[in-house]
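Student: I have a protein model open and would like to learn how to read its features one at a time. Could we go through some together?

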Amino acid sequence: MPTTAAMTIQKNAPIPTWFGIGGRADRLLAVRSDDDIRRGLEIDRAALVLGDGANLLVDDAGVGELVLAMEGYCGVEFADGSGVVAQAGADLSKLIHETARRGLAGLEGLIGIPASVGGAAVMNAGGKFGQIADVIRRVHAISRGGSEVTLERRDIHYGYRRSGLNDLVIRRVEFGLMPEDPGSLRARVKDVMAYKKGSQPLAASSAGCCFKNPTLRQDVRDERGEIGRAGERVSAGMLIDRAGLKGLRVRGAVVSERHANFLVPDKGAAARDVIDLMEQVERRVLDRFGVVLEREVVVWRRK
Ligand SMILES: Cc1cc2nc3c(=O)[nH]c(=O)nc-3n(C[C@H](O)[C@H](O)[C@H](O)COP(=O)(O)OP(=O)(O)OC[C@H]3O[C@@H](n4cnc5c(N)ncnc54)[C@H](O)[C@@H]3O)c2cc1C
């Protein structure tokens, strides 16, 4: 294996994702320090950053860019009061349980979202019970050129599942949480988890919702009635369901019967099956309702 200083670059490395399918990285570097990140970016300025792989589909041919895995960035510091600083590779669910245990409120609505802290900050992970941007104070990152960047929350262009941070390598995130009774926080964590278990196929391999909920450009209705009015954000899952696509299959990939915005591969399916299914869903929703679905899932392909 080629090494630079103390770093080891793995060749032909698997890329672990929640889909559990897809190609490999020609080169993968597990980073443990800011110097590792900088050296990785010196080797490949276009390096791809891997979090928990929960929103990622890697095409079968894999990727040629260096992949930076944030494995060594797992620490969390609790400052006096309600400040928390988490490294980008820290597991979001563990962080939520720990903040609830310590009586710090603000993250508990995100339970059930598999993510690293960095991946959640980039995707602005969230849903019915809030989004991570609501409790972020500051993000520390490294630019493609290797310089340190600190961004205040007000300077980050957060929107629905969007942050504008994609070109940076996030290394730490500071949160501002609120003191609250740990018992009621733990109860809220349980309630949110119960809601998710009841409405999503959490046990299946997937990347959660494949498509963002679109804002309608025109009123949309079908024979069952109104789906939404122009300017309204509606559920992509509902559009897919009302287009009759639950259970739609392309080879080894199927639209979940439980939640139409989850596309689920069979064991051994190819990433291409999921990509073709995504394309078919997009086409059929456009034909049926005139609505363009934008992908939430990030797809890595060989260039
Ligand atoms: C069962 C299931 C349920 C889900 N439910 C939800 C939900 O309710 N709401 C929701 O918003 N999402 C949901 N998701 C999607 C996913 O959990 C989120 O998008 C999450 O934020 C992805 O984080 P990650 O660490 O896995 O990122 P990855 O999938 O590893 O990466 C996603 C993107 O972030 C970038 N990235 C990751 N880390 C960094 C970093 N340190 N610096 C710079 N860029 C980085 C990657 O390059 C990639 O572009 C679900 C997924 C699954 C599997």
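Tutor: Let us begin with Ser116, which is found in the loop between strand 9 and helix 3 (117-123); helices (H or I, at least four residues) and strands (E, at least two) are DSSP runs, numbered from the N terminus. The model is a predicted one, in which local features need pLDDT of at least 70 and side-chain atom pairs count only at pLDDT 80 or more, while totals for chains, interfaces and linings use all residues. Residues are numbered from 1 along each chain as its sequence is written, and side-chain values use heavy atoms, with hydrogens and water left out.

Student: Is Ser116 buried or exposed?

Tutor: The general idea is a scale of relative accessible area, on which buried means under 20%, exposed over 50%, and partly exposed in between (1.4 Å probe, protein chains only). Ser116 has a relative accessibility of 6%, and therefore counts as buried.

Student: Which residues is Ser116 in contact with, leaving aside its neighbours within four places in sequence?

Tutor: Contact means heavy atoms within 4.5 Å. With those neighbours left aside, Ser116 is in contact with Gly51, Asp52, Ala88, Gly89 and Ala90.

Student: Where is Phe19 found, and what is its relative accessible area?

Tutor: Phe19 is found in the loop between strand 2 and strand 3, and its relative accessible area is 2%, so Phe19 is buried. Leaving aside neighbours within four places in sequence, the residues in contact with Phe19 include Leu56, Leu57, Ser205, Leu263 and Val297. Phe19 and Leu56 are 37 residues apart in sequence, yet 7.6 Å apart in space, C-alpha to C-alpha.

Student: How does Ala230 count by its relative accessibility?

Tutor: Ala230 lies in the loop between strand 17 (225-228) and helix 5 (236-242), and counts as partly exposed because its relative accessibility is 43%. Apart from neighbours within four places in sequence, Ala230 is in contact with Leu216, Arg217, Gln218 and Asp219. The C-alpha atoms of Ala230 and His140 are separated by 38 Å, the two residues being 90 residues apart along the chain.

Student: How do I check the length of helix 4?

Tutor: The expected span of a helix is 1.5 Å times one less than its number of residues. Helix 4 has 18 residues and should therefore span 26 Å, which agrees with its end C-alpha atoms being 26 Å apart.

Student: Which residues of helix 4 are buried?

Tutor: The buried residues of helix 4 are Leu185, Val189, Val192 and Lys196. Seen down the axis of helix 4, these residues fall within an arc of 70°, so they line one face of the helix; the arc is that of the directions from the helix axis to the C-beta atoms. The face turned away from that buried side carries the exposed residues Lys190, Asp191, Lys197 and Gly198, whereas what covers the buried residues of helix 4 includes helix 2 and strand 9 (104-105).

Student: At what angle do the axes of helix 2 and helix 4 cross?

Tutor: Axes are lines fitted to C-alpha atoms, for helices over the stretch in contact, and angles run from 0 to 180 degrees between N-to-C directions. The axes of helix 2 (residues 92-101) and helix 4 (residues 182-199) come within 8 Å and cross at roughly 150°. That makes helix 2 roughly antiparallel to helix 4, since angles under 35 degrees count as roughly parallel, over 145 as roughly antiparallel, 65 to 115 as roughly perpendicular and the rest as oblique.

Student: Which residues meet between helix 2 and helix 4?

Tutor: Ile96, His97, Thr99, Ala100 and Arg101 in helix 2 meet Pro182, Leu185, Arg186 and Val189 in helix 4.
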